[in-house]
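Thanks for coming. Please have the sequence and the coordinates open while I talk.

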Amino acid sequence: MSPTAVHGLVLGVYLLLLAGIGVVTSRRLRSSEDFLLGGRRVGPWVTALSYVAAYFSSVVIIGGGAFGYQYGMATLWVGAINVLIGCTLAWIVLGRRLRRFTARLGTMTVPGFLGERFGSREVRIFSAVVIALFLVVYNVSILKGMGHVFEVLMGLPYSVGVMLSGAMIVLYVSLGGYMAVVWTGFFQAWVMGAGLILLAVAALRAVGGLSEATATLAAADPGLVYTPGIWGWAGLISYSMIVSFGVWGMPQLLVRFYSIRSVRQLRIGAVVATVGGSLALLPYLIGAVSRALVPGLENADLAIPVLTKMVLSPWGSAIFLAGVIAAGMSTFASVLIITSGAVVRDFVQKGLGREMTEQRSIRWSRIVSLLVGLISLLIALRPPALVLVLTAFSWSAIASTCLWPILFGVFSRRATRAGVFASMLGGLTTALVWIGLGSPLGVHGFLPGIGVSLILLLGVSLVTRPPSSLLIDRAWGRAGVETRRHFE
């Protein structure tokens, strides 16, 4: 059997499984809460592993490999910080509070939480628009990564790979909603992990071991081995913070905390997410090793696909292909759910005041998922930059808008609606202007964006009227013992 036939067989079986999950889960949809959150009844293992799959996806596999290829072993610090801040601390610090607050407020989306928590329609609408717009950019980076894998491993045109990937995701998301997303993400995390471990072992064996790879890289450029290396401290810290701390403001990941069955199960989820998230170190390592084996690539995003074709058998590369597609699909699917929720529930229903029945809301959520997927596909056919560059751009915009409002929303009683809106507007503007100026001093727009956002939130909140006691009591759950028990 030819390598192309092997890849086609493995991928075909895998895609049929995903489509089946979409069909099965579609039969369980009864309300918009089912479509957006799975009815808040998802278990810890499924929640945690789908979180890992949505977090790292093809963006980290392909984009992290590209950065490892360009900047060497120092990029391993990015993966390590991903695990510590983006997985462990996010679950411990944010998980419990977000689960309780969103249940008390009856919210299903990040814009919904911010709007209800601060009693502000403008905060809800603004955050919904920012999330919908910049998650489309993030979708493009995901599709770009999957397109390159199809291009190298199966010999398909890049455009065909992008369209195949996107079409399948749009199909099962529009059918099954959030439950389709988390259950496919659960399976995809296992496939992604197996593929990464397989490739890492094969790559190290091909290069003669880690010591030999390090020596080869050091001979080419010592900066490829030592920290911070040719990246420099500014670049290393900036990107580490974007893809780690930025997670705390990313709605497609935070929604996992909304949907888990109970607060107590977050402890199990934190452990599972940390162990699973440790796989994030592998793409950076594999990317650095690939430079020792395949120097001189013009497009660093092709480093992982080219290495896969070189060191794995057709069956092995087929497993890895399925892993990359799995990772990308999980994230893309999560983004579609979040975007449809932001548009339909937060912008149309709550922002514009358009009433909808539950079934009509589900129908429009499916339509919006389809439209957002198609728009992302069209842009991804001619992507403007490297995978991780696109990711950093979209994440910095969304996190600069949402990060501090979310944190202050669950930790502070003094933050005001005016302070939050000023924080969102100022943070987003600063991040975009900084990036437009070419990231002066080598610092990405994320850091000045969240810096200005924090200053404005604190400053404006201090000089504006505190929120009403009714709003605070509702958010903090001062409704009696029975209410508190419900969230345990």
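Predicted model: local features only at pLDDT ≥ 70, side-chain atom pairs only at ≥ 80, totals over all residues.

The mean pLDDT of the chain is 82, and 87% of the residues reach 70 or more. One stretch to treat separately is residues 479-488, where pLDDT stays under 50. For that stretch the model has 10 contacts beyond four places in sequence.

Now go to helix H5, residues 110-118. Is H5 enclosed or open to the outside? Of its 9 residues, 8 are buried, so the helix is largely enclosed by the rest of the structure. The buried ones are Val 110, Pro 111, Gly 112, Phe 113, Leu 114, Gly 115, Arg 117 and Phe 118. At the start of the helix, Thr 109 places a side-chain oxygen within 2.9 Å of the backbone nitrogen of Gly 112. After the helix comes Gly 119, with a positive phi near 60 degrees.

Which side chains meet Glu 116 in a salt bridge? One is Arg 124, at 2.8 Å from N to O. Arg 124 is buried, with a relative accessible area of 6%. The other is Arg 474, whose closest N and O atoms with Glu 116 are 2.9 Å apart. Arg 474 belongs to helix H19, residues 469-476, and Glu 116 to H5, so this pair ties together parts 358 residues apart in sequence. Arg 474 is partly exposed, at 39%.

Arg 124 has a further partner. Its side chain also meets Asp 346 in a salt bridge, at 2.9 Å from N to O. Asp 346 sits in helix H14, residues 314-351, and Arg 124 in helix H6, so here the parts tied together are 222 residues apart. Both Asp 346 and Arg 124 are buried. Through shared partners, Glu 116, Arg 124, Asp 346 and Arg 474 form one network of salt bridges. The count of salt bridges in the model comes to 4.

On to the aromatic side chains. How many aromatic pairs are there? The count comes to 10. I will show two of them. In the pair of Tyr 51 and Phe 257, the ring centres are 5.9 Å apart and the planes are at 35 degrees, so the pair is tilted. Tyr 51 is in helix H3, residues 44-71, and Phe 257 is in helix H10, residues 251-259, which puts them 206 residues apart. Tyr 51 is buried at 1% relative accessibility, and Phe 257 is buried at 0%.

The other pair is Phe 126 with Phe 421. Their centres are 5.6 Å apart and their planes at 70 degrees, so this one is edge-to-face. Phe 126 lies in H6, residues 121-153, and Phe 421 in helix H17, residues 417-436, 295 residues apart. Phe 126 counts as buried at 18%, whereas Phe 421 is partly exposed at 27%.

Technical notes. Residues numbered from 1 in each chain as written. Heavy atoms only, no water. Buried < 20%, exposed > 50% of the residue type's maximum accessible area, 1.4 Å probe, protein only. Helix = DSSP H or I, 4+ residues; strand = E, 2+ residues; numbered from the N terminus. Polar contact = N/O pair within 3.5 Å; in protein donor to acceptor, adjacent residues only side chain to side chain. Phe/Tyr/Trp six-rings, centres within 6.5 Å; stacked < 30°, edge-to-face > 60°. pLDDT = per-residue confidence, 0-100. Contact = heavy atoms within 4.5 Å.
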